[in-house]
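Good morning, colleagues. Please look at the structure on the screen while I go through it.

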Amino acid sequence: MSELNTSPAAQQKAADYVKAHAAIGNEQILARLQELFGADTFSDVEEQYGLLTATVSREKIHEIIDVLHGEEQLQLNFLTTMCGVHWPDNEGKELSVVYQLHSLVNNIRLRLKIFFPIQDPVVPTLTDVYATANWMEREAFDFYGIIFTGHPNLIRILNVEDMDYHPMRKEYPLEDGTREDKTDLFFGR
Amino acid sequence: MATNDALTATGHIHHEAAQQQRGVMVTKTEDFGTDLTTLNLGPTHPATHGIFQNILQMDGEKIISGVPTIGYIHRAFEKIAERRPFYQITPLTDRMNYCSSPINNMGWHMTVEKLLGIEVPKRAQYIRVIMMELARIADHLVCNGILGVDTGAFSGFLYLFEERENIYEIYEEVCGSRLTTNMGRVGGMERDLSPVALEKLRTWLKRFPAVMREFQNLFDRNRIFMDRTINVGPITAERALNYGFTGPNLRAAGVDYDVRVMNPYSSYQDFDFEIPVGTNGDTYDRYLVRNEEIWQSLRIINQALENLPEGPYHADAPHYYLPPKQEVYRNMEALIYHFKIIMGEIDAPAGEVYHSVEGGNGELGFYLISDGGRTPYRLHFRRPCYIYYQAYPEMVVGSTLSDAIITLSSMNVIAGELDA
């Protein structure tokens with residue numbers, strides 16, 4: 001059980017696979033990023049299952065993705081996906097947005113994260129760089145209440161318009177927490 | 001013009017007044033804006049093939065602008081997934097793109113296997129490839145068949161739906177269900193391909209090419225069909241990439257991005273196949289790309305069936321793969337594992353995984369954050385439909401209503417995947 005649960009072997013296997021198949025290695029991507037934006041821009045750099053992940057500040061995220069969109073060496077010019085995450089225990093950095101970029105030419109991927117307090121959930125929009133960011137940002141607003149400044153039409157997209165809360169935040173449990181008929185002493189709910 | 005103001009205020013134009021006004025408009029183009037009709041296309045309309053609404057501003061039959069509204073069948077899968085053990089999330093993925101459920105199922109299993117570090121045996125990988133390619137064929141058959149219906153030709157649709165039915169019978173033989181398949185498990189398949197399933201598959205592989213050729217003979221060079229689809233709803237490669245298009249819709253615009261080739265999973269590197277691309281990104285190109293992908297999928301299935309390796313059909317991962325039922329009744333360890341897996345009492349390692357597969361409509365991605373518990377901390381689905389459907393207004397502005405309908409059907413927007 002223990003060897004499966006820590007799974008360093010799986011991490012290593014995925015990392016080796018990415019290294020063997022990508023034209024540009026993760027070290028080179030990181031070196032290029034630091035050359036473009038400065039070494040201290042990227043913190044918490046890690047390779048989760050071979051995918052280069054870094055945390056940046058929300059003030060810089062627009063500039064980074066905008067510059068990478070036109071950058072010719074890495075060609076990270078495809079926004080694969082983007083989503084919000086809520087970390088209620090992370091004091092001062094409760095909300096997060098995760099961006100995932102892909103280069104269809106070099107077949108490299110990059111995951112960028114930003115963290116910010118839940119009282120001030122304001123992030124610059126990417127709609128001026130990627131048309132596809134429009135609905136992704138509306139979804140993050142709908143689910144987490146993240147406000148994207150400069151977005152042309154920031155309204156709810158999947159939930160009804162008169163909903164007055166943001167349902168993917170962790171304080172809204174999926175089931176009614178007051179129900180007692182479904183409580184299971186041994187396994188919890 | 002008092003009458004004009006009254007017309008604008010209500011948003012509706014009396015027929016006679018409109019006629020009169022058109023007479024005036026020929027000379028006074030500045031007044032163009034007063035002659036617009038608001039047309040509510042959807043949410044339930046037979047031609048939208050799903051529940052989504054478009055509020056179109058029409059000038060006569062020409063579309064001036066469109067505002068899509070989605071979310072009518074939003075079921076909060078991402079929220080529900082945060083409370084469910086991994087194997088219970090598979091049925092949720094069925095209900096995203098329900099035209100090709102097995103691809104969604106396998107994509108999810110592979111994501112979890114990546115997180116857990118489970119190596120799936122070759123035979124299971126090949127069976128998965130066969131099932132995924134069958135699903136892709138079923139998906140494309142629905143899309144192209146319905147495109148025929150929307151252009152006014154019903155017979156092609158009926159031919160193809162018979163074959164889709166045969167594919168569903170193969171599913172039934174492999175996993176027991178047809179539409180929402182819940183096929184396979186984390187670690188492999190739940191059972192091996194039975195002799196009946198193999199027999200049905202071989203019969204179908206012999207029978208299908210003739211039907212497909214007949215369908216293509218009816219449509220490919222059909223003057224009416226070509227006139228209705230060429231240069232309808234086009235999108236350039238540049239705009240398509242900016243809009244995050246993937247799958248057949250992106251390939252129709254001329255970009256040869258296919259997850260199966262770029263990031264091979266489940267042994268796709270073993271097979272010899274080509275990626276068809278279009279040039280104009282219009283409805284006709286999307287139709288042709290899907291047809292050619294069906295032929296390429298057939299090639300893959302034939303190769304997989306020919307080289308189907310012997311061996312186990314699931315990985316040796318007792319913590320995650322259910323033991324055989326007869327063992328559960330006789331063997332203490334099997335009973336314990338069965339119990340723990342069913343009750344979701346087995347924790348997964350902490351980590352973040354992104355895994356993507358080539359779904360029927362494009363890159364179907366699973367971004368899974370695990371905090372080491374029994375359920376995902378956060379699960380985000382990258383749903384290709386959701387991402388490319390936002391380009392729809394841009395693709396139909398300036399065209400007629402009838403063109404907008406076939407653009408929609410050729411994009412193959414599946415409401416379940418759109419709303420998740």
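The model is predicted, so local features need pLDDT of at least 70 and side-chain atom pairs count only at pLDDT 80 or more, while totals for chains, interfaces and linings use all residues. Residues are numbered from 1 along each chain as its sequence is written, and chains are lettered from A and ligands numbered from 1 in the order in which they are written.

Chain A has five helices and seven strands; helices (H or I, at least four residues) and strands (E, at least two) are DSSP runs, numbered from the N terminus. Starting at the N terminus, the order of elements in chain A is α-α-α-β-β-α-β-β-β-β-α-β. Of the 189 residues in chain A, 36% are buried. Buried here denotes 20 or more other C-beta atoms within 10 Å of the residue's own, with C-beta atoms placed from the backbone. Considering contacts in chain A between residues at least 6 apart in sequence, 52% link residues at least 24 apart; a contact requires C-beta atoms, placed from the backbone, within 7 Å.

I turn to the interface. Here 33 residues of chain A contact 36 residues of chain B. On the chain A side, α1 (2–6), α2 (8–21), β3 (78–86) and α5 (133–144) each supply at least two residues, and β3(A) gives the largest share, six residues. By class, this side of chain A has 21 nonpolar, eleven polar and one charged residues. The classes are as follows: Ala, Val, Leu, Ile, Met, Phe, Trp, Tyr, Cys and Pro are nonpolar, Asp, Glu, Lys and Arg are charged, and the others, Gly among them, are polar.

Next, the core. Which residues touch the most other members of the largest nonpolar core? They are L134(B) and L418(B), in a core of 150 residues. Such a core is a set of buried Ala, Val, Leu, Ile, Met, Phe, Trp, Tyr and Cys residues joined through C-beta atoms within 7 Å. Helix α6 (residues 122–150) of chain B contributes the largest share, 16 residues. Leaving aside residues up to four places away in sequence, L134(B) touches I167(B), I170(B) and I301(B).

Now the helix pairs. The axes of α6(B) and α7(B) come within 9 Å and cross at roughly 160°; axes are lines fitted to C-alpha atoms, for helices over the stretch in contact, and angles run from 0 to 180 degrees between N-to-C directions. The two helices are therefore roughly antiparallel, a term for angles over 145 degrees. Residues in this contact include L134(B) of α6(B) and I167(B) and I170(B) of α7(B). By class, the contact has 14 nonpolar, three polar and two charged residues.

Helix α7 (residues 155–175) of chain B also packs against helix α8 (residues 195–219) of chain B, at an angle of about 165° and with axes 10 Å apart. That makes α7(B) roughly antiparallel to α8(B). Among the residues in contact are I170(B) of α7(B) and W204(B) of α8(B). This contact has 13 nonpolar, two polar and five charged residues.

Finally, helix α18 (residues 401–411) of chain B is mostly covered, with nine of its eleven residues buried. Among those buried are D403(B) and M411(B). Just after α18(B), N412(B) adopts a positive phi of about 55°.

Note on methods: Angles under 35 degrees count as roughly parallel, over 145 as roughly antiparallel, 65 to 115 as roughly perpendicular and the rest as oblique. Two residues are in contact if their C-beta atoms, placed from the backbone, lie within 7 Å. A residue is buried if 20 or more other C-beta atoms lie within 10 Å of its own, exposed if 12 or fewer, and partly exposed in between; C-beta atoms are placed from the backbone.
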